[in-house]
Amino acid sequence: MQKTEHVQVIENQWITMRDGCKLAARIWLPESAGHKPVPAILEYIPYRKSDSTAQRDSQIHGFFARNGYACIRADLRGSGDSEGILRDEYLQDELDDGLEILRWIAAQKWSNGKVGMMGISWGGFNALQIAALQPPELKAIITVCSSDDRFADDVHYMGGCLLTDKLSWASTMFSYNSSPPDPDVVKDKWKDMWLDRLEGSGLWIKKWLKHQRRNHYWKHASVCEDYSAVQIPVYAVGGWADGYSNTIFKLLYNLESPVKGLVGPWEHKYPHMGELGHGMDFLGECLRWWDKWLKGKETGIMDEPRLQAWMQDSVSPLLRESPGRWIQEDTWPSPRIEHVEYNFDLYGLHRETKVDEAAKKPMKIQSPLSVGLFGGKWCSYNHSMDLPWDQRQEDGGALTFETTPLERRTDVLGKPEVVLEVSSSKPQAMVAVRLSDIAEDGRGTRVTFGLLNLTHRDSHEFPEELEPDKKYIVKVPMNYLAQSFPAGHRIRLSVSTSYWPLAWPSPEAARLTVHPENSKLILPVRDSSQAEHDILPFDCPPPLEGIETRELREKRKEWTVLHNLHNNLIKVNVINNEPIIYLEYNDTAMQRDVQEIYSHYSNNYDSVRGEVISTRSFERNKRKLSATTRTIMTSTASHFKILATLDAYDGEVRIFSKSWDESIPRDMI
């Protein structure tokens, strides 16, 4: 039973680090903390507590505080109102600062010394990373939309292929890092702090592109390097439309500490904020977790199945819906799952092992760069436009292998894998594989996919070029999924040599030969004969209290694909302008406008281009502070090229301007 306490909010609390740097935090204290110390919950992220996440923070942390927890929402060093400069993700300084914050919390008179950490994305990452450092104050974590592997399962690379979400994400942080602290919080030093950030944060995409294989840079803060270091309870949460759902299954399998997994239909958002429907009382679920591990109450949460997942039903790609049902597994891997092999031939996918010799003929594919135009983003933030479209738009440039119509419903839960016997015309090449649900009317809904840079076929750390025309047997894992294929539908596997603009293409066009005799698709098929009946494991989310906001301008969302037949320019144009939000509590209007453009000409690999333009502004008392960043990424067969500009304004006056012109050698990417 949730209770309600009166809550005191400390709008800004300085926490001094070992080197004298002061970090800014907002704190919510329940009334009970005034006479009896209480456990605490920390969220530690770079997304500006005074404005960008202020409303969300007030809802989430206010909720926990009303239920007897001290809640701390801290800005990372160099972000928001905190002093210093933020120079990269997950640096050791960030983790060391986190340890100091935990010690500071435990030492406060309102704290009983027991602390939990939670967060989505960055906050989910560093909760896992700090847990692996084993601070004695940290008793449990909730990690949402995060990764245990910074190289192989993050926004940067997939299967050794460079994701264009790297450019998008680098531009997001470029914009955040170029934003000013709140003058009302940091007082007279606000402009000096802003100028220091503008000059010192740097061009992160340049740093990331210097590390194109799994090395010390990516191993740092990847908990998969030593799962045994995480010794406290972990609740791992994610959504099927998000880029990070794989982590949940890997943590369930590898952690020895108590662990639960939850996967819903959501995009890259907290579950109670997801737009894909099937809302749940996520904060109530979190409260049961915290009450168990921070207060010692028997809430029953650990008596329930270890994995709760949304089994997605078939749906048209033209509809932004996610029908389905909740399923549960007591253990992972589940004994209900059988790995079923489907063999290739010229005509499709089949279970038989004996195939006519004529059906074993090798097949060649050299895809146009247009394959991928309708693939959406690697990680969905805006379900209304960035999910994959009808796969009939993609499959003309791919090899396709398809089952006959299914005789009965087939439920798939886990990680599909494709084994390919393949040879390449070039020493460097990539392969993209897509699994689609094909309806009786022919429409195709992509349900999962995988990428492999073939130079990374044996190792992400030590890639090797291919010997042209030599046969190799490679394994291409796909993202985990829970998908129900209805009777009468077909399962299609599509194989292409490019997937632009989701992934950056190889240095030059390569032709792959697929040899069907030793190629197969492996599907984790779930026995649903003892299917759950009307499982409703979660309550609906209640209304949440928070600070008052108003929209001063509606959002603008567009995703346009253009093919100019005059000059053969193909372009994806994405406009993602958030509404102008007015925050009542500090009289601030904030705005974020983003445009992303991905293009190429005439299937020319040297013409591939990505561009992101972002503007953030903050206005109070008729004074507007803003920054505009622009990043352009191109490539040749030998180098990646980066052009970037940064301009910051105090009103109409430009107070800072800087540009970059960088060239980074390609390293078998």
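## The largest cavity

Strand 20 contributes 6 residues to the lining of the largest cavity, the most of any element. This is a predicted model. Strand 20 spans 444-453, and strand 22 spans 481-485. Each of these two strands supplies at least two lining residues.

How large is the volume of the largest cavity? It is about 590 Å³. The lining holds 35 residues. Closest to the centre are Trp-240, Ala-241, Leu-387, Pro-388 and Arg-446. By class, 16 lining residues are nonpolar, 12 are polar and 7 are charged. The search for cavities of 30 Å³ or more gives a count of 11.

## Overall build

The protein has 10 helices and 33 strands.

Along the principal axes, the C-alpha atoms fill a box of roughly 80 × 60 × 45 Å. Of the 669 residues, 63% count as buried.

## Aromatic rings

Across the whole structure there are 30 aromatic pairs. One of them joins Trp-104 and Trp-110. Their ring centres are 6.1 Å apart, and their planes meet at 65°. Edge-to-face requires an angle over 60 degrees, so this pair qualifies. Are these two residues buried or exposed? Trp-104 is buried, at 18% relative accessible area. Trp-110 is buried too, at 10%.

Ring pairs also build a cluster. Its members are Tyr-47, Tyr-90, Trp-122, Phe-125, Trp-169, Tyr-176, Trp-204, Trp-208, Tyr-244 and Trp-378.

## Charges over rings

Tyr-176 belongs to that cluster. The charged end of Arg-616 sits over the Tyr-176 ring, 3.7 Å from the ring centre.

## Cis peptide bonds

Which residues does a cis bond with omega near 5° join? They are Trp-332 and Pro-333. Pro-333 is in the loop between strand 12 (324-329) and strand 13 (337-345).

Another cis peptide bond links Trp-500 to Pro-501, with omega about 10°. The loop that holds Pro-501 runs between strand 23 (490-496) and strand 24 (512-526).

Ala-221 has a positive phi, near 70°, although it is not glycine. Where does Ala-221 lie? Its place is the loop between helix 8 (216-219) and strand 9 (234-239). Ala-221 has a relative accessibility of 15%. The cut-off for buried is under 20%, so Ala-221 counts as buried.

Asp-469 also has a positive phi near 70° and is a residue other than glycine. Asp-469 sits in the loop between strand 20 and strand 21 (472-477). Strand 20 is the strand that gives the most to the lining of the largest cavity. Is Asp-469 buried or exposed? Asp-469 is exposed, because its relative accessible area is 63% and the cut-off for exposed is over 50%.

Key:
Residues numbered from 1 in each chain as written. Predicted model: local features only at pLDDT ≥ 70, side-chain atom pairs only at ≥ 80, totals over all residues. Heavy atoms only, no water. Phe/Tyr/Trp six-rings, centres within 6.5 Å; stacked < 30°, edge-to-face > 60°. Buried < 20%, exposed > 50% of the residue type's maximum accessible area, 1.4 Å probe, protein only. Lys NZ or Arg CZ within 6 Å of the ring centre and 35° of its normal. 1 Å grid on protein atoms, 1.4 Å probe; cavity = no way out; pocket = protein on both sides within 12 Å on 5 of 7 lines; lining within 4 Å. Points joined across faces, edges and corners; volume = space filled by probe spheres on them. Helix = DSSP H or I, 4+ residues; strand = E, 2+ residues; numbered from the N terminus. Nonpolar A, V, L, I, M, F, W, Y, C, P; charged D, E, K, R; others polar.
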